[in-house]
Amino acid sequence: MSWFNQKQNKAKNTGLAVVVAAAMGGGFQFGSRSDTNLQTLCTATQQLAQCMIEQTTVDFTVIEGYRSQERQNKLYAKGRTEAGNKVTWTLNSRHTSARAFDIVALKESGEQSWDPKYYKEVNKAAEKCSSLTGIGYTWGGTFSGRDWGHFETKQCVVKATEADT
């Protein structure tokens with residue numbers, strides 16, 4: 001159980017769940033699609049994503065995690081040597097090293113949205129989580145090609161802190 005969920009459960013028992021959820025983020029949880037995709041990623045990347053869903057004010061689904069190099073090559077070919085629009089800008093993606101994930105933001109209605117305003121809010125949670133966990137990350141919203149739903153970690157292993165020992 002995550003730190004946030006432990007705090008939320010304690011708050012439910014004391015009648016303060018709404019206050020804790022508002023102070024900590026939207027209190028969202030991943031569904032099965034996100035869980036399946038996150039299981040393909042390295043520990044640090046999973047932990048960053050988990051923190052993000054707990055801290056964000058915008059719900060989201062993880063739509064892709066690890067990619068084999070073969071899949072990355074096929075995606076790279078789209079819009080170049082294969083029919084379709086370009087969907088990736090590199091053959092050397094962090095997806096192939098299990099350090100990247102793509103999300104789709106969800107409006108309050110549950111409808112998917114590609115509006116950058118939602119991804120900017122999710123990135124605020126990522127910034128906070130990076131600060132809380134020490135896990136460095138890069139957001140695709142800062143790329144020249146603006147990949148709003150892309151997040152990647154700089155490391156794969158979480159470093160132990162004094163609190164862990």
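Reader: How many of the residues of the protein chain count as buried?

Author: In this predicted model, 42% of the 165 residues of the protein chain count as buried. The chain has 6 helices and 5 strands. Read from the N terminus, these elements follow the order α-α-α-α-β-α-β-β-α-β-β. Among contacts between residues at least 6 apart in sequence, 60% join residues at least 24 apart.

Reader: Which residues of strand 2 point one way, and which the other way?

Author: In a regular strand the side chains alternate between the two faces of the sheet. Here, Ala100, Asp102, Val104 and Leu106 point one way from strand 2, while Phe101, Ile103 and Ala105 point the other way. All of these residues are buried. Buried denotes a relative accessible area under 20%.

Reader: With which strands does strand 2 pair, and in what sense?

Author: Strand 2 pairs with strand 1 (residues 60-64) in the antiparallel sense, over 4 bridges. Within this pairing, Val104 of strand 2 is the bridge partner of Thr61. Strand 5 (residues 150-153) is also antiparallel to strand 2, with 3 bridges, and Phe151 of strand 5 stands opposite Phe101. Strand 3 (residues 112-113) pairs with strand 2 in the antiparallel sense as well, over 2 bridges. There, Ser113 of strand 3 is the bridge partner of Ala105. The hairpin of strand 2 and strand 3 has 5 residues between the strands, and in this hairpin Gly110 takes a positive phi near 95°.

Reader: Which residues of the largest nonpolar core touch the most other members?

Author: In soluble globular proteins, nonpolar side chains tend to be buried together. The largest nonpolar core in this model has 26 residues, of which Met52, Phe60, Phe101, Ile103 and Phe151 touch the most other members. Two or more residues of this core come from each of helix 4 (43-55), strand 1, strand 2, helix 6 (116-133) and strand 4 (137-139). Helix 4 gives the most, with 6 residues.

Reader: Which residues does Phe151 touch?

Author: Leaving aside residues up to four places away in sequence, Phe151 touches Arg99, Ala100, Phe101 and Ile103, among others. Its contacts also include Met52, Val122, Asn123, Ala126, Tyr137, Thr138 and Trp139.

Reader: Turning to open space, what is the volume of the largest pocket, and which residues are the closest to its centre?

Author: Rolling a probe the size of a water molecule over the atoms shows where empty space is left. In this model the largest pocket has a volume of about 590 Å³. It is lined by 27 residues, and the closest to its centre are Val87, Thr88, Asp102, Asp147 and His150. Strand 1, helix 5 (69-77), strand 2 and strand 5 are the elements that give two or more residues to the lining. By class, the lining has 9 nonpolar, 9 polar and 9 charged residues. Asp102, one of the residues closest to the pocket centre, is itself buried.

Reader: Where does Ser93 lie, and is it buried or exposed?

Author: Ser93 lies in the loop between helix 5 and strand 2. The relative accessible area of Ser93 is 7%, so this residue is buried. Not counting residues up to four places away in sequence, Ser93 touches Arg67 and Gln72.

Conventions
Residues numbered from 1 in each chain as written. Predicted model: local features only at pLDDT ≥ 70, side-chain atom pairs only at ≥ 80, totals over all residues. Heavy atoms only, no water. Buried < 20%, exposed > 50% of the residue type's maximum accessible area, 1.4 Å probe, protein only. Pairing = 2+ DSSP bridges. Core = buried A, V, L, I, M, F, W, Y, C linked by side-chain atoms within 4.5 Å. Contact = heavy atoms within 4.5 Å. 1 Å grid on protein atoms, 1.4 Å probe; cavity = no way out; pocket = protein on both sides within 12 Å on 5 of 7 lines; lining within 4 Å. Points joined across faces, edges and corners; volume = space filled by probe spheres on them. Nonpolar A, V, L, I, M, F, W, Y, C, P; charged D, E, K, R; others polar.
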